[in-house]
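Here is a short report on a protein model. Keep the sequence and the 3D view open as you read.

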Amino acid sequence: MKKDKNIPADNSRNGDAPVYRFRLFVAGDEPNSRQARATLERLCADQLRGRAQIQVVDVFADYQAAVEYRVIVVPTLIIEAPPPTRIIVGSLTDAGPLLDALGLAQGESRA
Amino acid sequence: MSSKQTKQFAIEEAGRPLAASPPPVAQRLEKTPTYVCGLDDILEGGLPRGRTTVLNGAAGSGKTLLGLEFLYRGALHGEPGIFVGFEEPTAQLRQDAATLGWDLAALEKQKRFFLLDARPKPETLSSGRFSLNGLLAIAAGQSHAMGARRIVIDALEVALRLFDTPQQVRNELHALNNWVRESGLTAVLTVRPPARGGVSLFEDFFESMGDCIIVLDARVTEQISTRRLRVVKYRGSSFGRNEYPYVISRTGVRLAAITSVGLRHRPLGERISSGNARLDEILGGGYRRGACILLAGLPGVGKTTLAATFLANACGRNERVLYIGFEESEAAMIHNVSSTGIALQPHIESGRLVFLTNYPEALGAEEHFMAALDRIGALAPQHVVVDAISACYRMGGRQAAFEYLMRLLNVCKERAITIMLLNQLSSTAEFTEISGNEISSMVDTVILLNYRLSQGGTNRTLQVLKSRGSGHSNQAYKFSITDDGFEVEDVYLGEINLPTGIASPPQEHTGQFEAWPLASETKAKERESKRMRLAEERAFQTTERRATFTRKKPPAPTSQRPASGRKARS
């Protein structure tokens, strides 16, 4: 947790925009999970290039991680950095809430 | 062919005696015992193994605790379990369990119990579609890792509220149900009905997915809270259909079924002394072991003395007695009877006499009953005294009193324990009040203590109104309470020197009356078996039944002075 807080601070000192860390819980290759993953990857490629880390966790492969993060519904996206931690559940079909959570403008998403 | 079979079975079931072995259907279905006190009797063995049971109950009904107990007891019996809590923090659950003496942490360490905190995190946003696959993944992974056999999902509706449409809810429940079936776990889903009445959005889904549906109901009547459990559905099995009272005791949920009323009653045993030789003679040799004896009378007439005489005598024979007191404290009772020369202290010290005293209002009827049952279990008494059944109304009305006494009587009758009920009458006593109303068919011996005014002052009289399975005198006897216990004197002759009862000369008749008690006993048996059927068909809606009872009472004196005898002065 300490580390999470330090990363954006370091980045801002370097004069860069913050680093984004995502932990996405999916259930194998089911459609909602696939869609959430696609939306997140596109966002990172389009707007957060080089500043985002995505860790994808398949709950069926690692149920203990689901226990640890209290993930009951999937897909669940945990935005670990920059703080505060936010959680968005769902297929992210509408990227709006995600962009809002990240403080990014809606128009930029599909640039 | 199959329809014929079904029809045949239906007939068999309808006419099936209660005590018969379970019907074939119940044997086909595998059951998992809950090990919750009393519940498996009602479920005729337990919950459907590998299937889903829905436990429906409002806040405060104890459904979470019942779910937890199902897992706790299962774990102790070699069936590991998983508890998924959508509502309460795990720390709180562990704490609640600890107050009942359940050490969940130890079971968790041994991988026999797993507590999953599934409360939605407050900062969660939602966007798009999702499913409960996380829960299923955890349940599958964890149950595989620990070899779980049971799972409880508590407050599932909290999770279902995350979903926007009934269709999504249906899909999720469907997936959950499928998973349960495939996993082979015996599942319990607890759900809460909507807070302000009405029909829950999920009601019909639960209805269709639960192989067994149990409703818990906590209500308050006459300021005393009572909890009832009812099985409303059990696919492929018969079950107790009544509403069963339950309590959350110091060790967990406890239920008592009264479906078995009368079936395991033991016959009356040998003669035992009332503690007074003269009274023994009047009774035709004493009380009968395992009988239900009712002592009725006005306040202060000597009921407690009569009871104390009996129990002191029993303790003197090295027998054990449980004294359930609702009116005075242990110390007050001991002090009061000591003035009549009866010393109870030595019997208390020897552990043969145990008191259970509580104000009737202090607990609900179920809790009173469970407390009594605990003591009976611990002490294994030969005799139980209840002082007084008239106070039982204060447990929450007639209904509560009836249930308490009925169940206590059954327990005693099943264990061949003599039970002595003291009944305090008001001055305008009617016969029904003397005989203890609804319980009269269960009472074997009735002794009425009374005051008679005469020229010389007040006399106390004693009269045996009923004594099953024995000849006895039905005359009224004068008795007095002295420093040396109570003393039965002559037949009471009344104010105009006419003997009461059937005798014209003041002498006792015993053998002559055998015919009447026997005939009345036969009738009573018929009434009892009819009542058993009624008790099975309906739970506690006794208003009607009470009316039936009153009509079916044996011809009895209805005057305010029943002691004047059947044929007196005719």
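## Confidence in the model

Chain B averages a pLDDT of 78, and 74% of its residues score at least 70. pLDDT is the predictor's confidence in each residue, from 0 to 100. This is a predicted model, so local features need pLDDT of at least 70 and side-chain atom pairs count only at pLDDT 80 or more, while totals for chains, interfaces and linings use all residues; side-chain values use heavy atoms, with hydrogens and water left out. Residues are numbered from 1 along each chain as its sequence is written, chains are lettered from A and ligands numbered from 1 in the order in which they are written.

Over residues 496-522 of chain B, pLDDT stays under 50, and the model has 42 contacts beyond four places in sequence for them. A contact means heavy atoms within 4.5 Å. Residues 539-570 of chain B also have pLDDT under 50, with 50 contacts beyond four places in sequence. The model scores ipTM 0.82 and pTM 0.59.

## Chain A in outline

Chain A has four helices and four strands. Along the sequence, their pattern is α-β-α-β-α-β-β-α. Helices (H or I, at least four residues) and strands (E, at least two) are DSSP runs, numbered from the N terminus.

Chain A has 111 residues, and 50% of them count as buried. Buried means under 20% relative accessible area, exposed means over 50%, and partly exposed lies in between (1.4 Å probe, protein chains only). Now take the contacts in chain A with a separation of 6 or more: residues 24 or more positions apart account for 63% of them. Chain A exposes about 5600 Å², and carbon and sulfur atoms supply 48% of that area. Accessible areas come from the Shrake-Rupley method with a 1.4 Å probe; for residues, only the protein chains shown count as cover.

Helix 12 of chain B spans residues 303-316. Its 14 residues reach 20 Å from the first C-alpha to the last, close to the 20 Å expected at 1.5 Å a residue. The expected span is 1.5 Å times one less than the number of residues.

How many of the 14 residues of helix 12 of chain B are buried? The count is 12, and the helix is mostly covered. Among the buried residues are Leu306(B), Phe310(B), Leu311(B) and Cys315(B). Lys303(B) is buried too. After the helix comes Asn318(B), whose phi is positive, near 70°.

Ala372(B) lies in helix 15 (residues 365-379) of chain B. Ala372(B) counts as buried because its relative accessibility is 0%. Leaving out residues up to four places away in sequence, Ala372(B) touches Leu322(B), Ile324(B), Leu356(B), Tyr404(B) and Leu408(B). The C-alpha atoms of Ala372(B) and Tyr323(B) are separated by 9.6 Å, and these residues are 49 apart along the chain.

Arg150(B) sits in strand 7 (residues 150-154) of chain B. Arg150(B) is also at 0% relative accessibility, so it counts as buried. Its side chain reaches the backbone oxygen of Pro33(B) at 2.6 Å.

## Salt bridges

Side chains of opposite charge can pair when their charged atoms come close. Here, a salt bridge is a side-chain nitrogen of Lys or Arg within 4 Å of a carboxyl oxygen of Asp or Glu. One network of salt bridges links Glu30(B), Arg49(B), Glu79(B) and Arg150(B).

Arg119(B) and Asp117(B) meet in a salt bridge at 2.9 Å, N to O. Arg119(B) is partly exposed, at 24% relative accessible area, whereas Asp117(B) is buried, at 16%. Arg254(B) pairs with Asp374(B), and their closest N and O atoms are 2.6 Å apart. That pair links distant parts of the chain: Arg254(B) is in strand 12 (residues 253-255) of chain B, Asp374(B) is in helix 15 of chain B, and they are 120 residues apart. Arg254(B) is buried at 11%, but Asp374(B) is partly exposed at 35%.

Lys413(B) and Asp444(B) also form a salt bridge, at 2.6 Å, N to O. Lys413(B) lies in helix 16 (residues 398-414) of chain B and Asp444(B) in the loop between helix 17 (431-434) and strand 20 (445-454) of chain B, so the pair ties together parts that are 31 residues apart in sequence. Both Lys413(B) and Asp444(B) are buried.

Methods. Polar contact = N/O pair within 3.5 Å; in protein donor to acceptor, adjacent residues only side chain to side chain.
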